[in-house]
Amino acid sequence: MKKFNIRKVLDGLTAVSSSAASPQTGNRENDIIPETLQSEHFQLCKTLRHGFPYQPSSMAFDPVQKILAIGTQNGALRLFGQAGVECYCQHENVSAVIQLQFLVNEGALVSALADDSIHLWNLRQKIPAVLHSLKFNRERITFCHLPFQSKWLYVGTERGNIHIVNVESFTLSGYVIMWNKAIELSSKSHPGPVVHISDNPMDEGKLLIGFECGIVVLWDLKSKKADYRYNYDEAIHSVAWHHEGKQFVCSHSDGTLTTWNVRIPAKPAQITTPHGKQPKDGKKPEPCKPILKVEYKTTRAGDPFMILCGGLSYDTVGRRACLTVMHGKSTAVLEMDYPIVDFLTLCETPYPNDFQEPYSVVVLLEKDLVVIDLAQIGYPIFENPYPLSIHESPVTCCEYVADCPAEVIPALYSVGSRQKRQGFSQKEWPISGGNWGQGALSFTEIIITGHADGSIKFWDASALMLQVLYKLKTAKVFEKPRCKEEKSNTDIVDEDPFAIQILSWCPESRVLCVAGVSAHVIVYRFSKQEVTTEVVQLLEVRMHCELNEVESPEDGGEQASAVSTPGTSSSPLSSLPQSHPSTSSNNSSDGQQDNVPCLKVRSSPLKQSPGYQVELVIQLVWVSGEPPQPITSLAVNSAYGLVVLGNGNGLAVVDYLQKTLLLNVSTAELYGSTDPHHRQPRSPRKTRQPSAGFCDGNDSSATPEERCKSPTSDAKDNSFSRSRSSSVTSIDRESREVITSFLFCDSLSKKSEMVAVPSLWFGTSLGSMLAIALTVPSTLEQRMQQPVGIAFCGCVVRLKGAILRMAQLDACGALLPHVYESWYEPNAPEEERERTRIRRPTSPPSSQENQDCQYAVVCSEKQAKVVAMPSQNCIYEHNITETSFVLRADVVMMTAGVCIACFCANGHIMTLSLPSLRPLLDINYLPLTDMRIARTFCFSNQGQALYLTSPTEIQRLTYSQETCDNLQEMLGELFTPVETPEAPNRGFFKGLFGGGAQSLDREDLFGELTAGKASRSLAQHIPGPGGMEGMKGAASGVVGELARARIALDERGQKLGELDERTAAMMASADSFSKHAHDMMLKYKDKKWYQL
């Protein structure tokens, strides 16, 4: 992201440039609307990243601070503390993090990357930063080890050598353990890379080195030679010590564990194959899969724990990954849902030379994080407090609602709390470090995610946290085939037929409307009571577009009006509403599918728990062997009781209160005789678009099977490199006009109107914004008996590119709130429902003297316009982009006013003032690299935005200066001052006879005075961009204290040395004077005075 701030420049340019925002002459509205938003109100920055770390590769845990760090294959770091304490940071180099090592209780972390660099992170600031980096030039890093309370990091390499790094200065020591010195004549060939390094828990001067070939060496650091060498025929994957330092265990590639006594290197004390079948004749058991890691943890009161992953028998084909816990004579095999990346055993003490007392195991899987309670029978797992289940099913769409009604979150939580699983450990979550931030946002936020399996999740995103509130499964409405053979030939997607495509939610009325990839729409109402629906209400709609003439139809126009009733049909479009599920498939005379929906609604009673309950199912049906076009736009309005959906054929308006179809019309009919586009006769089969709308519409030669891929297909989603021109829309490259957006509002849609009436605005892919006036019965009784009237108002305005967003401003330039009906309990008695049903706003805006008393804001892929209503005069126009196109645009409320927020395909995020359309912000934030970002990017009120940055993670950002200023205060702290536990007591006899842990003066061994300097060509030191705050934070830690103490000692030693030199000089001067005095005395001792 560019650091250059052009806000001031933009303000200056817009004052003199007519191309930025060009007001149309002859309108007095231009000067009467003051604007409060300025460029100073905007600044772009990332806030938080939620979800599971994508493609994890390594893990580390600080046992004192209780902080967990996870590294990923793209160089990202995610740090987790207690619930609500999360942090994301990224290495400059996008390389896999192969290992992480905490400087325990010092607020620092060392990361080793696959590009052979190591980095020191300062965690004492809210946003961690790199303090030092060291890039190895000649050797590949394979393993790192940092002893507890040590500043010397051991780095093993692919060549089998071990280098030592000072983590204070991030410089290499001249002390090097060469592979040929370590193995000497024990092997005739190279031992392979270093796969393990650890020091003896009882003697820091003894270093255990494991080579891939199977050789283990116990190296004496002081004497610089090997004490013992241990040979085994199978390759080594990991090594673990017993805390007394007398034994260690190795895991091997043939599924065996070898236990070695330190002083008996000739052969293993024990060889076990945990999952191998033991032959009766005493032969060697059959080899198993490699044991990738083993940990050996002791307890004071019972048997030790041996925990390992891998090692299963080869005949267990298809079996899921397992973690094996061996405790005494019992062995528990715990199956995991995904492959294991790494695991760590959490222990009561950070000291390796004491009884470990393990209490939990953290298991990092490819797509999940599992924490197992070792202290309870059956090893239950802990309930994970982090929002790591975003990707439980792939996310296909999302919406972000900021500043929503405060009572919505408690209502969703009350019904969602009943969905929680049982059987979790009763203990507190063991990763409990860090502190919450002090500040908080004053508004509530909700994120809604739609998923490939048809589920919808509501998340509480308030206060920079994310917590799941409620989960809705839309697939329950439909019949599920038991096997692939039973799949209906009416399916239009190969997989995930229930995937959510579009969400429309009214938070005030709690009405939810969702559109799926199988051309289905479901309307939900929120209820606190459980009900059983005997028959799911179904409405089947027949939408197709096959023009018979070159010229557009003559009927229609501004005065045309139509009210559809159930059962009526007209050429070329017809409707087929039903109030019951379709029970049979209809075929046309030539055997083609006709009047058949893509999915079959369940015919059995549906038990609906408290929460969202099905009100109506709308399905588009096959027409003459052609599947329905995917739904491209959707809107619901609770005040009118209407749902509108659009696609490449046209639009349909449905009354979900009366369960009837009001309108089913093509886009050509909407224009009437004023159709600006010449429609060519075509067969719907030739213009079929890809199902779900996620495939590239440019591929007109692809077969239906090739084009109808799931929205979760990675092959189609991971690239987005289409070239664009101003005449081509992002929805469709053919001449077919697609409905792209809707807006329900009380507006002055006709030029002759002076009082706002219920209206429906809709935009198309060819840049037209049209309006329909609605006649909604005034009383509740009439509303349920009389149909809603519809009158076409024609085209209001045309823009370049597809219409993305529409909004309405009042005469003062303030955003008019959408009309809605307050929530009421739909399953309550009729009298109570009528008493609580209130329409908001309670009355439409009154007419004003000024004719242009409302403004329509319309934003397309290329430009934005502000149109005065009802005169329909364009008073402001702004060309957003010429070389790219807008992917997402929203009209949002800020603290100081209203603006348009846009995200372009070239990565720019822009904001425009309203109504004058002055550019306020333009930052090159994120180049569009795949369709996932385009599909999920959304803006919200109060300067908030988000997108799916990876298949498993949501990235939140803000474009509000106020939020950016308060971000540091709102973020949690990872590091908290905690005293390190006391070292274990050696005991009287151990202290007397020297049986306790042996310390080592590593400074004396590895320092420059003793070991000399390392070769400069071996590694390059790179100062990190941590800044002064990071340096101060690091200086306050133990490493910094040691550095300051050493500097003070150096200064003191220097002064003492100077004093010694002066004293020596004085003593030499005194000796010289004494000698001269003595010589003079001898010279003149025997002479008379007259001889002098």
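**Figure 1. Salt bridges in the predicted model.** The structure, a predicted model, holds 29 salt bridges. One network of such bridges links Arg49, Arg78, Glu86 and Glu953.

**Figure 2. Salt bridge between Asp116 and Arg140**. The two side chains meet with an N to O distance of 2.6 Å. Asp116 lies in the loop between strand 7 (108-113) and strand 8 (117-122), and Arg140 in the loop between strand 9 (129-136) and strand 10 (141-145); the pair links distant parts of the chain, 24 residues apart. Asp116 counts as buried because its relative accessibility is 8%, under the 20% limit. Arg140, with a relative accessible area of 42%, is partly exposed.

**Figure 3. Salt bridge between Glu399 and Arg888**. The side chains of Glu399 and Arg888 meet at 3.4 Å, N to O. This pair also links distant parts of the chain: Glu399 belongs to strand 29 (residues 395-402) and Arg888 to strand 56 (residues 886-894), 489 residues apart. The relative accessible area of Arg888 is 14%, and the residue is therefore buried, whereas Glu399 is partly exposed at 24% relative accessibility.

**Figure 4. Salt bridge between Lys607 and Glu530**. An N to O distance of 3.6 Å separates the side chains in this salt bridge. Lys607 is placed in strand 40 (residues 606-608), and Glu530 in the loop between strand 35 (520-527) and strand 36 (531-533), 77 residues apart. Lys607 is exposed, its relative accessible area being 57%; Glu530 is partly exposed, with 46%.

**Figure 5. The largest nonpolar core, viewed around Phe458**. This core has 35 residues, and Phe458 and Tyr612 are those with the most contacts inside it. Helix 3 (residues 408-416) supplies the largest share of the core, five residues. Apart from neighbours within four places in sequence, the residues in contact with Phe458 include Leu412, Ile446, Ile447, Ile448, Trp505, Leu512 and Tyr612. Gln467, Val468, Leu469 and Tyr470 are also among the contacts of Phe458.

**Figure 6. A second, separate core**. This core has 27 residues, including Phe42, Leu44, Leu928 and Ala945.

**Figure 7. Helix 10 and its start**. Helix 10 spans residues 961-970, and its buried residues are Gln961, Thr963, Cys964, Leu967 and Met970. Residues three or four places apart in an α-helix point the same way, because such a helix has 3.6 residues a turn. At the start of helix 10, a side-chain oxygen of Ser960 comes within 3.3 Å of the backbone nitrogen of Glu962.

Conventions:
Residues are numbered from 1 along each chain as its sequence is written. This is a predicted model: local features need pLDDT of at least 70, side-chain atom pairs count only at pLDDT 80 or more; totals for chains, interfaces and linings use all residues. Side-chain values use heavy atoms; hydrogens and water are left out. A nonpolar core is a set of buried Ala, Val, Leu, Ile, Met, Phe, Trp, Tyr and Cys residues joined through side-chain atoms within 4.5 Å. Buried means under 20% relative accessible area, exposed over 50%, partly exposed in between (1.4 Å probe, protein chains only). Helices (H or I, at least four residues) and strands (E, at least two) are DSSP runs, numbered from the N terminus. Contact means heavy atoms within 4.5 Å. A polar contact is a pair of N or O atoms within 3.5 Å; within protein, one must be able to donate a hydrogen and the other to accept it, and residues adjacent in sequence count only if both atoms are side-chain atoms. A salt bridge is a side-chain nitrogen of Lys or Arg within 4 Å of a carboxyl oxygen of Asp or Glu.
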